[in-house]
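This report describes the fold of one protein chain. It goes from the overall surface to the sheet and then to the cores.

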Amino acid sequence: MFGRLFGRVFGSGEKLNDLVAQLRPDLSRESLGVGPDFPGVVPNPLLSGEARKRNAELRTGELALGVLVDWREVSSDGSPRVVLMFDVETAGGVSFRGVADQDLTITELTRLAPGQTLPVRYRPAVMDHYVALARDADPAHVQRLSEEIASRKRT
């Protein structure tokens with residue numbers, strides 16, 4: 001209900017994305033390195049039914065590896081909310097720019113470094129650039145995936 005009211009008050013989702021890009025140019029599609037198919041960063045994902053659904057699907061998504069390119073802090077109320085940009089490589093050999101909208105602890109935030117490789121989850125059926133940190137990933141599975149990707153690059 002709130003999403004529909006929000007849409008009526010602030011216009012279409014596209015207008016909202018344009019507004020977010022004007023207010024936060026560092027969160028624009030161009031700045032994040034994604035194309036026009038990227039739905040954009042939601043000002044408050046807790047108020048968006050679509051964002052809640054996407055996050056639930058990402059929790060069970062396919063495992064991939066993401067090399068951290070950069071990040072932007074969206075808010076620092078409580079635990080910091082951060083948009084992370086990854087160059088993602090999947091088990092199937094697909095590469096794409098992935099964007100994760102995550103709440104991190106202060107400790108996690110201070111440990112971020114460009115070039116870090118982290119396990120992420122994505123939705124292969126959607127391929128909308130959204131990914132999520134795979135904090136629950138089995139280290140042995142991540143290692144196998146890393147070896148598989150590395151062997152493919154050697155050949």
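How much accessible surface does the chain have, and what share of it belongs to carbon and sulfur atoms? The accessible surface comes to about 9000 Å², and 55% of it belongs to carbon and sulfur atoms; areas come from the Shrake-Rupley method with a 1.4 Å probe, and for residues only the protein chains shown count as cover.

This is a predicted model, in which local features need pLDDT of at least 70 and side-chain atom pairs count only at pLDDT 80 or more, while totals for chains, interfaces and linings use all residues. Residues are numbered from 1 along each chain as its sequence is written, and side-chain values use heavy atoms, with hydrogens and water left out.

**Overall make-up**

The chain has 155 residues, of which 37% count as buried (under 20% relative accessible area, 1.4 Å probe, protein chains only). It holds 6 helices and 5 strands, which are DSSP runs numbered from the N terminus (helices H or I, at least four residues; strands E, at least two). From the N terminus on, their order is α-α-α-α-β-β-β-α-β-β-α. Of the contacts (heavy atoms within 4.5 Å) between residues at least 6 apart in sequence, 59% join residues at least 24 apart.

**The sheet**

The 5 strands form an open sheet with antiparallel pairing, in the order S3-S2-S1-S4-S5; two strands pair if DSSP finds at least two bridges between them. Strands S3 and S5 are the edges, each pairing on one side only. From one strand to the next, the twist averages 45°. Helix H6 packs on the sheet and touches S1, S2 and S4, its direction making about 100° with that of S1 (axes are lines fitted to C-alpha atoms, for helices over the stretch in contact; angles run from 0 to 180 degrees between N-to-C directions).

| Strand | Residues |
|---|---|
| S1 | residues 62–75 |
| S2 | residues 81–90 |
| S3 | residues 95–103 |
| S4 | residues 117–122 |
| S5 | residues 131–133 |

Strands S1 and S4 are joined by 6 bridges. Val67 has Thr117 in S4 as its bridge partner.

**The cores**

A nonpolar core is a set of buried Ala, Val, Leu, Ile, Met, Phe, Trp, Tyr and Cys residues joined through side-chain atoms within 4.5 Å. The largest has 16 residues, and those with the most contacts inside it include Leu84, Phe86, Val88 and Val120. Strands S1, S2, S3, S4 and S5 each give two or more residues to this core, and S2 gives the most, with 4 residues. Apart from this core lies another of 9 residues, among them Phe38, Met85, Val99 and Tyr130.

Technical notes:
Buried < 20%, exposed > 50% of the residue type's maximum accessible area, 1.4 Å probe, protein only.
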